[in-house]
Every structure is written in C-alpha cells, then in structure tokens.
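Please open the model in your viewer and keep the selection tool at hand, as each stop below begins with something to select.

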Amino acid sequence: ADLNSTGTHTSAISHVIPRPDRDLALVQLDEPATGIAPVTISGTAPAANEKLTIAGYGRTVDEWAPTKLHTSDFSVGATTATAVDLTAKTPEDAVICKGDAGAPALRTENGKPTLVAIGSQSLQGGCLGETDVEARTDAVGVRADDLTGWVSQIRKLPQGPQVASGDFNGDGKVDIAAFYDNGIGTDGKKMSSLYAFYSNGTGFAEPKRVWASTGSFNGAAVKLTSGDYNGDGKDDLSVLYNSGQAADGKHVTTVFTYTSNGTGFVAPKQTWASSGSFDWSKSKPVSGDYNG
C-alpha cells in the first residue's frame, strides 16, 4: 500500500483507552475506516523461534519517511506475560525504526493474517540517522494474543448510535443522521458526536462528522428525532436530554436542537427545559407539524 495512492484517507483519533499493564492503547477514530478488512486478534501465544511478520511505514536504512508499506520477518525469542522479544531473521534489511511503533506483528492462521503482537521498542541498529556504532536490530513487541476479551469489553461500552432520517441538506433526498456516545475522555468529560450520511439518490456518501461535543455531553442520555423545525426546507435534529434530578428530587429534561445549515448543523441550542418534574426515562420524542 502506498500512502500517496488514491483511495487512502486519514482520520483523527477521538478517544484513547490505554492498557494499564503494557505499552498499548485502543483508539477510536472520529470517522469510520471504510473499505479496510480488519485482522483478527490471535488467541495463540507466540512460540519460541516462530516467524512473525511486522508491517509498517517507519524509517528504513535509506528512507527517512517512507510512503510505501514495508514488511520484515522476525523470530520470536523470550516471552513474558505482556511482551515478546523479536530478532530480525535477515538483519541486513529487517529493522524496526522510529515510526514503526504500533506496527502489527502477524502470523498466518488458516490462510489469513492474525494479530499476535504490536511493535513497541527497538535498538534501531542500521536505521537512517542513528549512530553507526549500534548494529543490533533486536526489538520488543507488546503481546496482543490475550486481549480479545479486553477489546470486546471496551467495544461493549455504551456508544451505539441513535439514528434518525430526514432531508438534512434540502436536496429532496432523505438522509440519515447517527448520534454517537463516545464514552469518557481523558479529562473525564463525557463525549458525543453526530454523523450525517447524505443520500446521492442511489446510496449514501461516506459518513461525515458534523458535530462533536466540546464540553461534557452524555450520549447515553439522548433520544434523537428529526424535523424541519424552522421551516426552511431542510430537516433539523433535536435530542430529548436527560439532565438528571434537581436538588428537590424532580426529574429534569431538556431539548437541544441542531439546526441544519445545508452542509452540516450549527452547535446545539437548548430550546426547552422542564419546569416541573419530567421523567426522561418514560418519554419518547416524536416530531411532526402539530399546529398546522
């Protein structure tokens, strides 16, 4: 794969979940990486002397910032509960350099690549820009073969989308909006984001992130609905939001409206708040022209 070829794309990272016992983190992209088949995490520990293939875009012996994917084979050495030693099978052209941290270490199982470890550290012998004194190419990988349960647990955290339909750009075709609960950020704030799937008449364009929370906004406290609330011919979005309970024990519910501007949505504006007790958990928002 060539980073300069057509069809490639970049995505920002919206959420990072570190693994406390090793040099590894699970990250969430702010836009889905479509068209890429994911590799399965292996359930088998690395064995001494077996071959693992590492693929990356890091520095090489003669390139500072390669754009083409390169691979090298490494032999497994000693292992611990969280790490594995790696030795290049052909030291003259196999080396993990800067830029390769996070590179997958793969084995073939049933004809398909599986993830066994993640590149972490290297002595960087022979890497461009490193001292000529260091010739060793030994490296250390972080084991991933025992992380299937952890990854599944993280993915099960509340983050499923609320979905609504409407003509959000006013072109006469119905689009889709998805409101995501993005969990909790490193600063402790609850994160949410809004994506639009615009119809082209035969399908949908790639999802576009049209809003992301800056303060704390709990996606699990949202019920989504859509409608043209300002009568401009473009459908907007509203969320019925669970604002918790007041000091007097009354349930507090609010409505936030995302007004469409044709290419996205303006920042949400609070358009209603309960005055008496209004239980969000017993409510369902439905949009319509009720006064004609």
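Begin by selecting Thr225, Ser238, Val239, Leu240, Val255, Thr271, Trp272, Phe278, Ser283, Lys284 and Pro285, which line the second largest pocket; a pocket here is an open set of points on a 1 Å grid over the protein atoms alone, where a 1.4 Å probe fits, with protein on both sides within 12 Å along at least five of seven lines, and lining residues have an atom within 4 Å of a point. The space in this second largest pocket is about 160 Å³, a volume being the space filled by probe spheres set on the points, which are joined across faces, edges and corners. Strand E15 and strand E17 (269–273) each give two or more residues to this lining, and the largest share, 3 residues, comes from E15.

Before going further, note that this is a predicted model, in which local features need pLDDT of at least 70 and side-chain atom pairs count only at pLDDT 80 or more, while totals for chains, interfaces and linings use all residues. Residues are numbered from 1 along each chain as its sequence is written, and side-chain values use heavy atoms, with hydrogens and water left out.

Next, select Thr257, which is found in strand E16; strands are DSSP runs of at least two residues, numbered from the N terminus. Thr257 counts as buried because its relative accessibility is 11%, the limit being under 20% relative accessible area with a 1.4 Å probe and protein chains only. Its side chain makes a polar contact with the side chain of Thr271 at 3.0 Å (a pair of N or O atoms within 3.5 Å, one able to donate a hydrogen and the other to accept it; residues adjacent in sequence count only if both atoms are side-chain atoms).

Now select Phe179, Leu194, Phe217, Leu237, Val239, Tyr258 and Phe265, the residues with the most contacts inside the largest nonpolar core, which has 19 residues; such a core is a set of buried Ala, Val, Leu, Ile, Met, Phe, Trp, Tyr and Cys residues joined through side-chain atoms within 4.5 Å. Among the elements giving two or more residues to this core are strand E11 (175–184), strand E12 (190–197) and strand E16 (251–258), and E15 provides the largest share, 3 residues. Apart from this core lies another, of 13 residues, among them Ile54, Val84, Leu86 and Ala117.

Finally, select Ile54, Ala55, Gly56, His70, Thr71, Ser72, Phe74, Val95, Ile96 and Asp100, which line the largest cavity, a cavity being a set of points where the probe fits but cannot get out. About 60 Å³ of space lies in this cavity, and E5 gives the most to its lining, with 4 residues.

Conventions: Buried < 20%, exposed > 50% of the residue type's maximum accessible area, 1.4 Å probe, protein only.
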